[in-house]
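Q: Hey, can you walk me through this structure? I'd like to start with what sits inside.

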Amino acid sequence: MELAFRCDLCHQEIAFAERCRDISIFEAGWVICARCEPNLHQRQALDMARIQVKEYSSPPHIAQPLEKQFSSHIALPQMTGTIVNQRMPHHYRHEEIDVFPHVVGSSYQPMRQYRRQIDTYTASYMRWQNKSHVLAWLDSFNNQKALRPVFLDTETTGSRSFSEIIEICIVDEHGKTLFHSLVNPTTEIEPIASAVHGLVSKDVKNAPRYSDIGEEVVGYLSNRLVIAYNASFDIRLLKQTAECYELDFPSLHTACLMYAYAKYRE
């Protein structure tokens, strides 16, 4: 039987081979078919245009210098050169690595035009601008006020709005496994998900429910910087699973390795 999934935009069952292949859409947490991809890009472009018109249509008598306009809502390290490449700083000073969101007391603010669903339920979702920004971010972990990172990976019943976690692993920065467990979900594992991770219902039927382990999981993630590959997906599914059992889920500081690697490789 051919694998299929439900598109988040048109809500139709689509063959897996007809999925959207734009990695930026996947990173943002969307599950979109190829036919809806142009519509999503158009909608995002319109949203961006509205934001730019609203932010940069101030009356002349209160207009601010360009550098001040941008610094008011882009709290990135100070520029060492001129404003280039869509007015974003290309180089970052080593001594100003404390402006990242995982550094306690940081003045970091997310860029308004990049706010997406994940920004509504996380304390921060790190977005890098280029390779030097990624390197400065890595240096920031030498700051004594920086939250320590943990690395998260999950497997799930699928990618829908009701999908749940069926396996979770949390590792610290030294490679030590802090937590690992299979999870028995309340929903069926979709074939398309099993094709990815290889888990089926019989593998998790004797595992604990998330309600039995949720408090311990949150304990390892709180007051840390949670890093994952495609973090927006993992965090969304963790939150969905917690809500399935009417459990509170904290706003976490998060970062995506897939996103960081893309910016590092430019």
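A: Buried means under 20% relative accessible area, exposed is over 50%, and partly exposed is in between (1.4 Å probe, protein chains only). This is a predicted model, where local features need pLDDT of at least 70 and side-chain atom pairs count only at pLDDT 80 or more, while totals for chains, interfaces and linings use all residues. Residues are numbered from 1 along each chain as its sequence is written, and side-chain values use heavy atoms, leaving out hydrogens and water.

Q: Okay, how many residues has the largest nonpolar core?
A: It has 44, and W137, I168, I170 and Y210 have the most contacts inside it.

Q: And what does Y210 touch?
A: Skipping residues up to four places away in sequence, its contacts (heavy atoms within 4.5 Å) include V183, L238 and F249.

Q: New topic: how many salt bridges are there?
A: The whole structure has four. A salt bridge is a side-chain nitrogen of Lys or Arg within 4 Å of a carboxyl oxygen of Asp or Glu.

Q: Which residue pairs with R160?
A: R160 pairs with E190, their closest N and O atoms being 3.3 Å apart.

Q: Are those two buried or exposed?
A: Both R160 and E190 are buried.

Q: What about E173, which residue does it meet?
A: E173 meets R148 in a salt bridge, at 2.9 Å from N to O. E173 is partly exposed at 34% relative accessible area, and R148 is partly exposed at 28%.

Note on methods:
A nonpolar core is a set of buried Ala, Val, Leu, Ile, Met, Phe, Trp, Tyr and Cys residues joined through side-chain atoms within 4.5 Å.
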